Amino acid sequence: MKTIKNIGLITALIGFFIFTASIFTGTNNVTQEIFNTWTSQNVKSDYFINKAQQEIVGKELSTFELSSKIIAIAKESDAFEKGQENINWNKIIKVKWNVTSKNFVYPLVRASATGWVSKNQGLFFFLTFGLAIIGGVLAFGADYKLLGPAGIKNNGIFQHSATNRGYLGMIACIYFVAFYMLLYFYPNYLINPILSVNQISKGLSGNGSSQWFLYGFMYCSVMTVFAIRMFIKYRHNNYQLVRTSVVLFFQVAFAFLIPEILVAFNMPWFDFKNAWPLDYDFFFDLGKDWSLMSQGQVGLFMFVWGIVLTLVIVPVMVYFYGKRWYCSWVCGCGGLAETLGDPYRQLSSKSLFSWKVERWLIHGVLLFATLMTALTLYIFFAEIESWKELAFGITAYDVQSSYGFLIGSIFSGVIGTGFYPILGNRVWCRFGCPLAAYMGFVQRFKSRFRITTNGGQCISCGNCSTYCEQGIDVRAYAQKGENIVRSSCVGCGVCSAVCPRGVLKLENGPEDGRINPTQILLGNDVDLMELVNEK
Amino acid sequence: MEHIVIIGNGISGVTAARHIRKLSDKKITIISAETEYFFSRTALMYVYMGHMKFEHTQPYESWFWKKNSIELKQAFVKTIDTENNKLVFASGEDFSYDKLIIATGSKPNKFGWPGQDLNGVMGMYHKQDLENLEKFAPDNKTCKRAVIVGGGLIGIEMAEMLHSRNIPVTFLVRETSFWNGVLPAQESELINKEILNNHIDLRLGVNLQEIKSDANGNASSIIIKETGEEIACNVVGLTAGVSPNIDFIKDSAIETGRGVKVNRFLETNINNIYAIGDCAEQHEAIGERRNIEAVWYTGRMMGETLAQTICGNPTEYKPGHWFNSAKFMDIEYQTYGWVWAKPKENEARFYWESSCNKKAIHINFDKNTRQFIGINTFGIRMRHPFFDKVLTNKKSIDYVLEHLADANFDPEFYKLHEPEIIAKFNKENNTNIKLKKKSWKRIFSKTLNA
């Protein structure tokens, strides 16, 4: 079994190695036709077009050469255009590290990719995704025997460098962060990985794959492989089995397949489970011709659904079941955290200091999201163009794009997922997600959900706190016999699973008695309990 | 300001300190030689197993003590000078107190076995034991086999610990079946199977003769008394129970028996000295409880109670209904009320075991009145408040079975065995008990209504 596990690990690593190495092997050939299409859509400056025509068209260039040439020519061209007497601002390309590569360079590089990968997409898919998935399934499948009989088997977690911030954890962190940086800001360097899923994308929606399709497909594959790991690790625990199956289903069906199929039928790409304010750009395109409202009956339904989801369905469901119904049963971010992130859950900080930081950050993001959306709605109803200056030289577009950059990309992606191996698997959900903050208010103040503490059985061992991904000091409540009703609890159920004494149970019950601060626990003298607890 | 000094920073001493702080602004000092900060002894096993780091076993962050002005002192108390209200430390330093709380817990039993002090021979109680085990049994190359002597809760935990690092374990149990002085035969057999399932070499009905040493003073093998068999090993775990850790008191004026003798107010024979937790021995047993109870929660309850007395509200220690819990490898165990190893004359029993041999319940009730006396439950979690109410109100076994769904505390979506359990009871007892649907109203109501 150990051999099978090692074979699996090596196979998966080979898949990852080929996937990663392919970034450095891309070649491009920009034909005249591709060049013309691209320039007609993206460039106004004749200086740029002439120069680029000479330097890149018809030449065999590596992806790195091509990308850096375009950026260099763009800078030159901007300098030239700015030197004119009458500056034509339309001709300025305005090079910015977090925008230019993905919006300007990427489309040309994607369209002009040549080389082995683009001609052998099927085989390349097998060598990357295929090997990684097969290897992962073998490696985790072997755990069925290796872990021993069903039960909590967290043996060695704090003695292994991958799960205890050792060098393997650091390497994983750097790899994740680098991947997210490329994905969000330099997709032009991910062309070969994107091509690996090109045929699948064509089969689903009819379009070639983009970096977002690659990301969606990776997300689903990673979640599936790690869900298998969860199924084996928690095979004695039905709550974990049901929850993992459901969250995987919502990711694959609602965040991946249904939106792609909608596109195939000429309808807008739409994730029915993604609620504002997590879906922060829901209102951005109001009034534009491609907005949901202008897409006929289906678009209108999607728009109304989105609003009902946030205003009615989310709070009502939180009232009955706690925010877990979303965070650890439906949400994509939560889904990744509960699968890929499960090996890292013990790394979340339980200190009081972290709790303070958490409250400032998450509520700050909720405020930011709300103000930004209010501004978006204001300019829509007041009929102001988003590029018009409002005050202090700032436009509505500036506010929207800085939210997208700071929160949407850096916080939720680069830090939120990239730092799993260092800060634990719910960094985004705990410190940043505005939807989690919103549901947290409902959960704390008006909900039937709680984690019940079982009388006086707690022995303060600390397994619950250690394995709480949200950094809740569960033991602090359990050892006082007090129910846990914290706004940040996502109801993953692991505290209850790892408790050796059967102290914790996630339940939905009457609000009366849900919050039960106690000084003295059940089992002590009845008179003393009454004296102290009912003072 | 009155100075309360507590010897021992375990659950008893720390609970007393916390509650005294809630009730007063007395000066409080906790003295410990073992560790700087309070930690949960019950979690030491998880540190060795890699489930946690040592700091995770500490329930309070280090700023907690200063914030609550509870002073911590690391020192070893050598003697108590009750005349002058003074402690003398091993360093020779004196330390005065106004009131003294002895909460020094237990120490592992050693029965004078030859070789019991060799290197690699240890209990599993103190933090130092954990460090020792890490030194002598870091992996299965250094420690080729470990032998554990004594079949109680710590013994099986230690077996689980070593097993987690793939170290072969031989487990010597004096009794003819695991823990059968406490557990009825069926449950004891269930745990025997669980131990064997985990590939632990369980030897029942045997005693330790001696531990042999190699040339360097390290344990190298043990001899079994009954068979004379020699088993080569590098580590020997001595887990034959614990006894009060009070050697330093024996020569003082404080009355001791096996533990520090206390009355129901947890007072010793000396006016301003108290004892709580594992080291305290009641003059007379409370109910069916033992005079000395080495249980986590009784230590906590004594701390809660004594704080009242010290802060001007003299309160007797009156523990409620007996309950306890443990985990045997992968099988969780809870008990509420009393289920003796052997039924008493007036008692009848009902036992159910699942087909997977990992779950069982055993109910003890009065033959004549049908009053519920206690339950053992294995692999099924039950609600403490439910059984506490049942015991207080002297409900019948029929009531308990009817409301078994209310009692269940397993996580959501777990397979429920209640119908099966009740069907078995009805068949065996010719009754017609029907399971009631789970009711939140009943579960959360303070009083019992049928």
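1. Helix 11 and helix 12 of chain A cross in a left-handed sense. This is a predicted model. Helix 11 of chain A covers residues 211-233, and helix 12 of chain A covers residues 238-264. Their axes lie 10 Å apart, at an angle of about 165°. That angle makes the two helices roughly antiparallel, because anything over 145 degrees counts as such.

2. Which residues of helix 11 of chain A meet helix 12 of chain A? From helix 11 of chain A the list includes A:Phe213, A:Phe217, A:Tyr219, A:Met223, A:Met230 and A:Phe231. A:Gly216 and A:Thr224 of helix 11 are also among them. Helix 12 of chain A contributes, among others, A:Leu241, A:Val247, A:Leu248, A:Val252 and A:Phe256. A:Arg243 and A:Glu260 of helix 12 of chain A take part too. By class, this contact has 13 nonpolar, six polar and two charged residues.

3. Helix 1 (residues 2-21) of chain A packs with helix 7 (residues 121-146) of chain A. The angle is about 155°, and the axes are 7 Å apart. Helix 1 of chain A is therefore roughly antiparallel to helix 7 of chain A. The crossing of this pair is left-handed. Its contact residues divide into 16 nonpolar, six polar and three charged.

4. Helix 13 (residues 296-321) and helix 20 (residues 434-445) of chain A cross at roughly 50°. Their axes come within 9 Å. These two helices are therefore oblique to each other. Helix 13 of chain A passes helix 20 of chain A in a right-handed crossing. On helix 13 of chain A, the contact is made by A:Thr310, A:Leu311, A:Val314, A:Pro315, A:Val318 and A:Tyr319. On helix 20 of chain A, the partners are A:Leu435, A:Tyr438, A:Met439, A:Val442 and A:Gln443. By class there are nine nonpolar residues, two polar and no charged.

5. Now the interface between the chains. In chain B, 65 residues are in contact with 66 residues of chain A. How much area do chain B and chain A bury between them? The figure is about 5,200 Å², with 47% of it on carbon and sulfur atoms. On the chain B side, B:His51, B:Phe409 and B:Glu412 lose the most area to chain A. Together these three residues account for 13% of what that side buries.

6. Charge pairing also links the two chains. The count between chain B and chain A is five salt bridges. A salt bridge joins the side chains of A:Lys153 and B:Asp330, at 3.1 Å from N to O.

Note on methods:
Residues numbered from 1 in each chain as written. Chains lettered and ligands numbered in written order. Predicted model: local features only at pLDDT ≥ 70, side-chain atom pairs only at ≥ 80, totals over all residues. Heavy atoms only, no water. Axes fitted to C-alpha atoms, helices over the stretch in contact; angles between N-to-C directions. Helix = DSSP H or I, 4+ residues; strand = E, 2+ residues; numbered from the N terminus. Parallel < 35°, antiparallel > 145°, perpendicular 65-115°, else oblique. Left-handed = near helix turned anticlockwise from the far one by under 90°. Contact = heavy atoms within 4.5 Å. Nonpolar A, V, L, I, M, F, W, Y, C, P; charged D, E, K, R; others polar. Buried area = accessible area lost by both parts, 1.4 Å probe. Salt bridge = Lys/Arg side-chain N within 4 Å of Asp/Glu carboxyl O.
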